[in-house]
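Hi,

Here is the structure I promised to pass on.

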Amino acid sequence: MDDRKFRTAMGKFATGVTVIATEVEGDVHGMTANAFMSVSLDPKLVVISIGEKAKILNKIKESKIFTVNILAADQQELSMIFAGQLKEHKEVAFDRLDGKPVLAGAVAQIACEVSAEHVEGDHTLFIGKVTDIHLEDAEPLLFYNGKYRSLTEERTVTV
Ligand code: FAD
Ligand code: NAD
């Protein structure tokens, strides 16, 4: 199977958009990611998946901490900055949650300590033990079919 078919199929799964952030010796590094999932309620665990070529990979291995910042609908530019999609460098200020770098205005800031890592194919899965959470009342940024989207209407689902 070719890569394009796989990527097109995976792009049919509508997701939110996160920026994963970590810090090594005072240097904060962020990366846009949509491979994020809730794993366990007791204990509270999440998982992220980081490509083998991503610079943030060794930084998380070293720091053993990361944050997941679920972006708001008005934060598409941050997604593009941290995916390396903007030509010019832009300074981004980080707030702190549990001492870890987080993005102001994110729908949710989730602070984690790495509790396990698993290399699978060309990605590394990091399991994060959640140490703190901050929530904002805002609409999320969405990603579907390779394009950014936003919620347009709220529908009642009857089961
Ligand atoms: P770099 O390419 O060095 O960093 C990314 C960008 O962030 C650079 O432009 C850099 O200047 C900027 N940056 C970093 N830190 C700071 C800072 N402190 N202040 C200001 N700017 C900073 N890849 C995955 O591995 N897993 C995923 O789940 C994933 N999901 C994605 C979802 C979407 C919607 C998109 C668009 C991309 C996704 N990617 C994912 C790809 C990933 O975002 C890019 O490959 C990214 O460029 C890799 O980042 P890097 O760690 O190699 O660092
Ligand atoms: P795309 O059409 O390649 O991505 C569609 C979907 O395919 C993504 O949402 C993701 O689920 C999957 N995907 C893409 N590249 C992948 C990879 N290297 N490993 C595992 N899954 C992958 O392109 P796009 O939506 O325009 O994304 C922009 C850029 O960001 C591309 O370079 C893409 O490779 C990268 N990206 C990487 C990942 C990832 O590594 N998990 C996820 C999303 C996007």
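Some ground rules come with it. This is a predicted model, where local features need pLDDT of at least 70 and side-chain atom pairs count only at pLDDT 80 or more, while totals for chains, interfaces and linings use all residues. Residues are numbered from 1 along each chain as its sequence is written, and chains are lettered from A and ligands numbered from 1 in the order in which they are written.

Seven strands form an open sheet in the order E3-E2-E6-E9-E10-E5-E4, with antiparallel pairing. Strands here are DSSP runs of E with at least two residues, helices are runs of H or I with at least four, and both are numbered from the N terminus; two strands pair if DSSP finds at least two bridges between them. At the edges sit E3 and E4 (36-40), each pairing on one side only. From one strand to the next, the twist averages 35 degrees.

E2 (residues 18-24) pairs with E3 over seven bridges.

Now ligand 1: 22 residues surround it, and the closest are Ala33, Ala35, Gly51, Ile56 and Gly84. (A residue counts if its C-beta atom, placed from the backbone, lies within 6 Å.) E3 (27-33) and E5 (45-51) are the elements giving two or more residues to that shell, and E3 has the largest share, with six.

Around ligand 2 you'll find Arg7, Met10, Gly11, Asn34, Ala35, Ser49, Gly51 and Gly146. Helix H1 (3-10) and E5 each give two or more residues there.

Cheers

Note on methods
Axes are lines fitted to C-alpha atoms, for helices over the stretch in contact, and angles run from 0 to 180 degrees between N-to-C directions.
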